[in-house]
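Thank you for sending this over for a second look. My comments follow as numbered points, to be read beside the sequence and the structure.

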Amino acid sequence: MIFLRKDRKRKVNRKTEKEQWQNPKKNSEKYDSVETVFYIAGWLLAVIIFFLFVLWKFTGFTISAYLPSCMFHLQTGLYCPGCGGTRAVYALLRGDILTSLFYYPCVVYAAVIGIWFMISQTIERLSRHTCLIGLRFRPVYLWIALILILGNCLVKNIVLLGFGVRLLA
């Protein structure tokens, strides 16, 4: 009798899992709070970038003077997974997309995903969810970013060790 109860529970659990896959609205409710957090964080980041841009335009202040050197690169001579990120951001802010892709492809990827997320979420929220075009959070976006970061690090270190060419000199 206990065995039958366990089987019934398993069937119920399987059914609810199957229903979750068939009904994406239930599944997307857990990501709504994540999307709201990302949306608020996106606006805060936009405000910070705006103030840093105004500060740079009027005073010549640059944040790079206060950033420390890469300790991994100083100790090993190899490129860390983050090497080139700051240069890529500066190149992207100058409008040089190809140089930014060369330095650190994940910066351009994050900028494209982030800008589309903010635009689509703003349109959806202003339309009071009648125009459902808002980009939804999916873990695959993080996996793509991880692959870009590790691939970038691997390629630059292979070129450095195999051919002696310093790509970020």
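1. Contact is taken here to mean heavy atoms within 4.5 Å. Leaving aside its neighbours within four places in sequence, Asn152 is by that criterion in contact with Cys83, Phe102, Tyr103, Tyr104 and Pro105. Asn152 belongs to helix H7, which covers residues 139-163, and with a relative accessible area of 9% Asn152 is buried, because the cut-off for that word is under 20%.

2. Before going further, please keep in mind that this is a predicted model. The average pLDDT of the protein is 84, and 82% of the residues score at least 70. Residues 1-15, however, have a pLDDT below 50, and this stretch makes zero contacts in the model beyond near neighbours in sequence.

3. On the packing of H6 and H7, the axes of the two helices come within 9 Å and cross at roughly 160°. With that angle, H6 runs roughly antiparallel to H7, because angles over 145 degrees are counted in that way. The residues that make the contact are Pro105, Cys106 and Tyr109 on the H6 side, and Tyr141, Ile144, Ala145, Leu148, Ile149 and Asn152 on the H7 side. The crossing of H6 past H7 is right-handed.

4. How many salt bridges does the structure hold? There are two, and Glu35, Glu124 and Arg136 are linked by them in a network. In the salt bridge between Glu35 and Arg136, the closest N and O atoms are 3.5 Å apart. This pair links distant parts of the chain, since Glu35 sits in helix H2 (residues 24-59) and Arg136 in the loop between helix H6 (105-126) and H7, 101 residues apart.

5. The side chains of Glu124 and Arg136 also meet in a salt bridge, with an N to O distance of 2.7 Å. Glu124 lies in helix H6 and Arg136 in the loop between H6 and H7, so this pair ties together parts that are 12 residues apart in sequence.

6. Arg136, in contrast, is partly exposed, with a relative accessible area of 24%.

Conventions:
Residues numbered from 1 in each chain as written. Predicted model: local features only at pLDDT ≥ 70, side-chain atom pairs only at ≥ 80, totals over all residues. Heavy atoms only, no water. Helix = DSSP H or I, 4+ residues; strand = E, 2+ residues; numbered from the N terminus. Buried < 20%, exposed > 50% of the residue type's maximum accessible area, 1.4 Å probe, protein only. Salt bridge = Lys/Arg side-chain N within 4 Å of Asp/Glu carboxyl O. pLDDT = per-residue confidence, 0-100. Axes fitted to C-alpha atoms, helices over the stretch in contact; angles between N-to-C directions. Parallel < 35°, antiparallel > 145°, perpendicular 65-115°, else oblique. Left-handed = near helix turned anticlockwise from the far one by under 90°.
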